[in-house]
Amino acid sequence: MGLRNKGGGRGRTRALVPAALAAGLAVIAAGCVPGTDGSGAVEGGGAGGAGGVPDPSKAGNVTLTVWDQEVRGGTNAELEQLNEEFEEKYPNVKIKRVSRSFDDLKTTLKLALSGNKPPDIVQANQGYPDMVAFVQAGLLMPLDNYAGIYDWNTRYPNTLLNLNRVSADGKQFGTGRLYGISQTGEFIGVYYNKEKLADAGIEPPKTWKEFTDSLATLKDEGELPIQFGNLDQWPAIHNFGVLQDQHGAAEARDTVLGRGDGFDNAYTKDAAAELADWIDKGYLPKDANGRGYDDAYKQFADGQGGYLIAGTWLQADLKKPMGDNLGVMAPPPATAGGNPTTTGGQGLSWSVTSKSAHPEVAAAYLDFITNEHAADVMTENGVLPAVPGKAADAVDPDSPDGQMIAAWKRLNADDGLVPYLDYATPTFYDTTSAGLQDLIAGKTSPDGFAKKLQDDYGAFMEKQRGDDAGAEPAGS
């Protein structure tokens, strides 16, 4: 997720990742992707050379310990259902699930992985701070063998698989060996309260200008325009990312992927200035830095605020109290009918730990919770699958879930997804979240904020260039 559920986060340098997640999520080219057909497997990959599909029923009595952060309504429900179905299919397997909030998982995972009895399966945040660090420490198992056995290379567009890759030397994110697969797709969308907008005489905006103009209208009507809480620090990364995407999506993508001009530039400063302006004008809560993320979205669901800029992992939690009064869209484009852009990608990677005593059962579990049936279970629970299945086609297009699915498909078709900013360097999550808290509190200027980001990014890129001297350029 870049921080997700977080919400999620992710990043890399010289990566070959999303230029387009491909227009066809439903139909993906069947040709083998290099490195995912088993040919790039490394010794110890777990599947052996026989090429047969592992059969968990022949593994004896197994307890599979799984750590995840799917604690919210929809994702928790779909995972509980799939876990029960897996245990019914394989009565000899017991799933010992440990679910934690994203923050708790991020804080405790490295210690757990380094212990003598780590979990068999974990959700690991993509990018340098987590996945790359775990790979460098030898804590995760490469899954290239299993990708070939289970045809994950045809289930997923290569751009999605790349988000879970790390180079063999552990230095580059987005290319190399596969270290996990993801269940869910996600994007940072604009949720809106249909009744609040109608009462203020506002039609759901079709352009970014219509959206920003509507904020002033809501404020004049005595309504909080955008509900927002940043006590957890990471939510502002999403809100700022959406603004940055409107000012320079292509440039932001290239920078996160290690091939752009950094952050000390006009589009970063303009986005920071717009966020500060929203605070000054009262479009966001004045106490945003002291308001929790969960508190904020629950207040929005309770009718406090016209809009909420948040990830699609909140869909089920918002839909339950709001019903069809909930609307969701990708951030409106610059021109009506234009291509939308926003921060997004896919949920946290499901990875097998290198010390798992049951790697084949673990791989079978990963396949089970990401297959076509699992996609339909996710859809039925209001969760956005990374690759929507038949159930998604049957969803009412005017419902909140229908709007979400349509926006996801449009963003993929139009190359509208920009990776999470916190992918960019090993320390970028801390740098960005702290800098945004200061920006929101008025303790730093847009120029000062951009410089903080560039200081972190520039130092890391200089190190990468030194480490990769003589390496072949990305995309060659």
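Lysine 281 has a relative accessible area of 43% and is therefore partly exposed. In this predicted model, the side chain of lysine 281 meets that of aspartate 277 in a salt bridge, with 3.1 Å from N to O. Aspartate 277 is likewise classed as partly exposed, because its relative accessibility is 29%.

**Salt bridges**

Side chains of opposite charge can pair when their charged atoms come close.

| Salt bridge | N to O distance |
|---|---|
| Aspartate 213 and lysine 209 | 2.8 Å |
| Aspartate 277 and lysine 281 | 3.1 Å |
| Arginine 410 and aspartate 414 | 2.1 Å |

Aspartate 213 and lysine 209 both belong to helix α8; because they are 4 residues apart there, about one helical turn separates them. The closest N and O atoms of this pair are 2.8 Å apart. Lysine 209 is exposed, at 56% relative accessibility, whereas aspartate 213, with a relative accessible area of 39%, is partly exposed.

In the bridge between arginine 410 and aspartate 414, the N to O distance is 2.1 Å. Arginine 410 counts as partly exposed at 34% relative accessibility. Aspartate 414 is also partly exposed, with a relative accessible area of 22%; the buried class would require a value under 20%.

**Negative surface patch**

A patch of negative charge on the surface brings together Glu195, Asp199, Asp220 and Glu221. Glutamate 221 is located in the loop that runs between α8 (208-220) and β10 (226-227). Its relative accessibility is 53%, so glutamate 221 counts as exposed, the threshold for that class being over 50%.

**Aromatic contacts**

The count of aromatic pairs comes to 18. In the pair formed by phenylalanine 173 and tyrosine 423, the ring centres are 5.8 Å apart and the planes stand at 70°, so the arrangement is edge-to-face; that class applies to planes over 60 degrees apart. Phenylalanine 173 sits in the loop between β6 (165-166) and β7 (177-178), and tyrosine 423 in the loop between β15 (417-418) and α17 (428-440); the pair therefore ties together parts that are 250 residues apart in sequence. Phenylalanine 173 and tyrosine 423 are both buried.

One aromatic cluster is formed by Phe86, Tyr90, Trp350, Tyr365 and Phe368.

Conventions. Residues numbered from 1 in each chain as written. Predicted model: local features only at pLDDT ≥ 70, side-chain atom pairs only at ≥ 80, totals over all residues. Heavy atoms only, no water. Patch = residues over 30% accessible without salt bridge, like charges linked within 9 Å, V, L, I, M, F, W, Y side chains within 5 Å. Areas by Shrake-Rupley, 256 points an atom, 1.4 Å probe, with all protein chains shown as cover. Salt bridge = Lys/Arg side-chain N within 4 Å of Asp/Glu carboxyl O. Lys, Arg positive; Asp, Glu negative; His and termini not counted. Charge placed at Lys NZ, Arg CZ, Asp CG, Glu CD. Helix = DSSP H or I, 4+ residues; strand = E, 2+ residues; numbered from the N terminus. Buried < 20%, exposed > 50% of the residue type's maximum accessible area, 1.4 Å probe, protein only. Phe/Tyr/Trp six-rings, centres within 6.5 Å; stacked < 30°, edge-to-face > 60°.
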